[in-house]
Amino acid sequence: MGLVRQLYQRLPSRKKLDEISQYHRLSPRLAFLRRRIRLKGSSTITMPLGVILLFPITVLLLILVLFLRHPDSPGRKLMPSGSPPSVRKISEKYDRVFATGCLEPQVDAPRENAVIVVLARNKELPGVLSSMRYMERHFNRWFKYPYVFLNDGVFNATFKESVRNYTNSSVEFGQIDPSHWGFPEWADLEEAQEAIAKQGDAAIMYGGMASYHHMCRFYSGFFYKHELLAKYEWYWRLEPDIKFFCDMTYDPFVHMKRNNKTYGFTIAVKELRETVPNLFRYSSAYKRNNNITSQGLWEMFAEPKPAKKEEEKQPGENLPDDVLKLEPGRGKIPEVDPTAMEGEDYNMCHFWSNFEIARLDFFRSKAYEDFFQMLDKSGGFWSERWGDAPVHSIAAGVLLGPGDIHYFRDVGYRHTTIQHCPANAPAKQLPRIKWIEPYITDEKKAKEDDEYWENWDSEKENGVGCRCKCDTDIVDIEGKKGSCLSEWVKVAGGWASP
């Protein structure tokens, strides 16, 4: 009973109810909100007008809040955030992006003495034309740099005619000198072929293909010696079946020269260890024998070799030597790590050379030529499966510094299943001028292809790209195991943002 009495005392009296009703009474100006409205013409159900108006207003506010809180919302970029950005900035101590976002292409500006180089065979024509479509759409329709196509055989008329129809730039076709392709005269042919066959049996990627070994050796020490490239100072390597995702509205050759750069890359990954077991040891020996001091880039590819723990003494360790010699296994020569040299080991990182923009005089220099000749004389281009990518990269590590290298972070690029695609720069995008590819005979398809690029990806804080539209079927290499971006960042000055 005591509980009931307490509850009764807490109930408001009629006087208090009248006071509350008076307090909540609407002012005359808002009294119309209490007017009851039929939900349908013949319905007996009514609701106050204020409730009916409150519902759509609540929905609109909810939509606005969700829009502003979405990570890709333009409005969100103006809101302060306590969390780090999704795209991290890299220190500009040695290198910086040449152009953040889009520029108006300077189509009448002076050009550098540069060329786009393609190594291909006749059967690769579809892949070549696909790559050219991306190159022309995203860059060369504005800058009109020439192409040089190289082949260890002879290009047929179909290949030449098709390629010329895909560009308004000048095009030259050349055949590789037999001395630059295949095995050198001084090599033991039988021994080389046997080594390649063993690599095939061991399932080393491309290790059993003699043509792949020849290609790697050609790109490592001969492509820059071809007569068609003799007149050029810069080159951009283009492979069949690649993709570009962003518009490059500036001239990379002009900016490379202006910023005193030697070599440019867009992807850095790890090599397969079984393909280069002795490459690092030869390279380290060359560095030591020529008294070359690292300029800061060597550390991107070399890592200290962890010291082995001293083995615990086994029972009988203090027995006389004559007795110990009788124990099986004693006195054997310790195993040698083939990848290590002088306390350092190769971390397998390299610039992925199927995209590279570089000065040809770096490869033509005596220092690089001596480096290549040392590697070539070792026979590693066929006894092992040395790729031109680790060769170019380690050579840069020996001979160049971080300031000589440019990371084309703004270039969206894909080859096979490896992709790098940047986020678009906030407030740095420009309207896209429609471009209907002139070599596509199907007008409907040509328009559809152009419309595809109209809706580029959203902008993000610290983004650097121009009208990028990335493939979404794979994850960028930076999000996968095997990326060497962190190794580059380490020698380039570190991260500039969390």
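## Cys349 and Cys484

The link of Cys349 and Cys484 is left-handed, with -90° about the S-S bond. Cys349 lies in strand β13 (residues 349-351) and Cys484 in the loop between α16 and α17, so the pair ties together parts 135 residues apart in sequence. Helices (H or I, at least four residues) and strands (E, at least two) are DSSP runs, numbered from the N terminus. The sulfur atoms of Cys349 and Cys484 are 2.1 Å apart. Both cysteines are buried. Buried means under 20% relative accessible area, exposed over 50%, partly exposed in between (1.4 Å probe, protein chains only).

## Basis

This is a predicted model: local features need pLDDT of at least 70, side-chain atom pairs count only at pLDDT 80 or more, and totals for chains, interfaces and linings use all residues. Residues are numbered from 1 along each chain as its sequence is written, and side-chain values use heavy atoms, with hydrogens and water left out.

## Cys246 and Cys468

The disulfide of Cys246 and Cys468 is right-handed, at 115° about the S-S bond. Cys246 sits in the loop between β7 (242-244) and α9 (252-258), and Cys468 in the loop between α16 (443-452) and α17 (485-492), 222 residues apart. Their sulfur atoms are 2.0 Å apart. Cys246 is buried at 6% relative accessibility, and Cys468 is buried at 0%.

## Overall pairing

A disulfide is a pair of cysteine sulfur atoms within 2.5 Å. By this rule there are 4 disulfides. With the bonded cysteines numbered in sequence order, the pairing is 1-5, 2-6, 3-8, 4-7.
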